[in-house]
Amino acid sequence: MITGMVFGVFDGLHEGHKYFLRQAIVRCNKLIVVVTVPEVALALKNHPPQHSFEGRVAMLRKFNPQLEVIPGDKKLGSWEVIRDYAPDIIFLGHDQSALATEFDKLKQPYV
């Protein structure tokens, strides 16, 4: 069984997010969606998400109830979710190239 993982703020689930998630879903048996918590989203984007954390999670679960949706780490760069869930592969979105550098350091496979 292949476990995949994706990361994102998912602040308004748009067609780009849906495409990304569908592409990840077909490449693994189980997909874990890590939703960025508000304080980390603020640090990353210099503004808070428009939608609440609970609202963002609800949108993802409505899109696909089979997804395992979890909160991201409370500390930027701690990568506890990777250690806790041990995904086989991480799928990166088109705007997540900075994460590739981090995952290279962790020796974490990604595509």
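**Entry 1: the model.** I am working from a predicted model, so I keep that in mind throughout.

**Entry 2: the sheet.** I began with the strands. I found an open sheet of four strands, ordered β3-β2-β1-β4 and paired in parallel. Which strands stand at the edges? They are β3 and β4, and because each has a single partner strand, one side of each is left without a neighbour in the sheet. On average, neighbouring strands are turned by 30° against each other, direction ignored. I then looked at β2 and β3, which run parallel and are joined by four bridges. There I noted Val-35 standing opposite Pro-71 in β3.

**Entry 3: a residue in β1.** I picked Thr-3, which lies in strand β1 (residues 3–8). Is Thr-3 buried or exposed? Its relative accessibility is 13%, so Thr-3 counts as buried, the cut-off being under 20%. Leaving out residues up to four places away in sequence, Thr-3 touches Cys-28, Lys-30, Ile-32, Pro-87, Asp-88 and Ile-89.

**Entry 4: the cores.** Next I looked up the nonpolar residues. The largest nonpolar core has 19 residues, and Val-6, Leu-31 and Val-33 have the most contacts inside it. Two or more residues come from each of α1 (15–25), β2 (30–35), α3 (53–63) and β4 (89–91). I followed Val-6 to see what it meets. Not counting residues up to four places away in sequence, Val-6 touches Phe-20, Leu-21, Ala-24, Leu-31, Ile-32, Val-33, Val-34 and Phe-91. Apart from this core lies another, of 13 residues, including Ile-32, Ile-82, Leu-99 and Phe-103.

**Entry 5: helix α3.** I turned to α3 and asked which of its residues are buried. I found Phe-53, Arg-56, Val-57 and Leu-60. These four cover an arc of only 100° around the axis, so they sit on the same side of α3. On the face turned away from the buried side I noted the exposed residues Glu-54 and Lys-62. What do the buried residues of α3 pack against? The list is α1, β2, α2 (38–45) and β3 (68–71). As for its direction, α3 lies across β2 and β3 and runs at about 160° to β2.

**Entry 6: the aromatic rings.** I ended with the rings, and the structure holds four aromatic pairs. In one of them, Phe-7 and Trp-79, the ring centres are 5.6 Å apart and the planes stand at 85°, so I logged the pair as edge-to-face. Phe-7 lies in strand β1 and Trp-79 in the loop between β3 and α4 (80–85), so this pair ties together parts 72 residues apart in sequence. Phe-7 is buried, with a relative accessible area of 12%, and Trp-79 is buried at 10%.

Phe-7 has a further partner in Phe-103: their ring centres are 5.9 Å apart with the planes at 35°, so that pair is tilted. Here Phe-7 in strand β1 is linked to Phe-103 in helix α5 (residues 97–106), 96 residues apart. Phe-103 is buried as well.

Definitions and conventions
Residues numbered from 1 in each chain as written. Predicted model: local features only at pLDDT ≥ 70, side-chain atom pairs only at ≥ 80, totals over all residues. Heavy atoms only, no water. Core = buried A, V, L, I, M, F, W, Y, C linked by side-chain atoms within 4.5 Å. Buried < 20%, exposed > 50% of the residue type's maximum accessible area, 1.4 Å probe, protein only. Contact = heavy atoms within 4.5 Å. Arc of directions from axis to C-beta. Pairing = 2+ DSSP bridges. Axes fitted to C-alpha atoms, helices over the stretch in contact; angles between N-to-C directions. Phe/Tyr/Trp six-rings, centres within 6.5 Å; stacked < 30°, edge-to-face > 60°.
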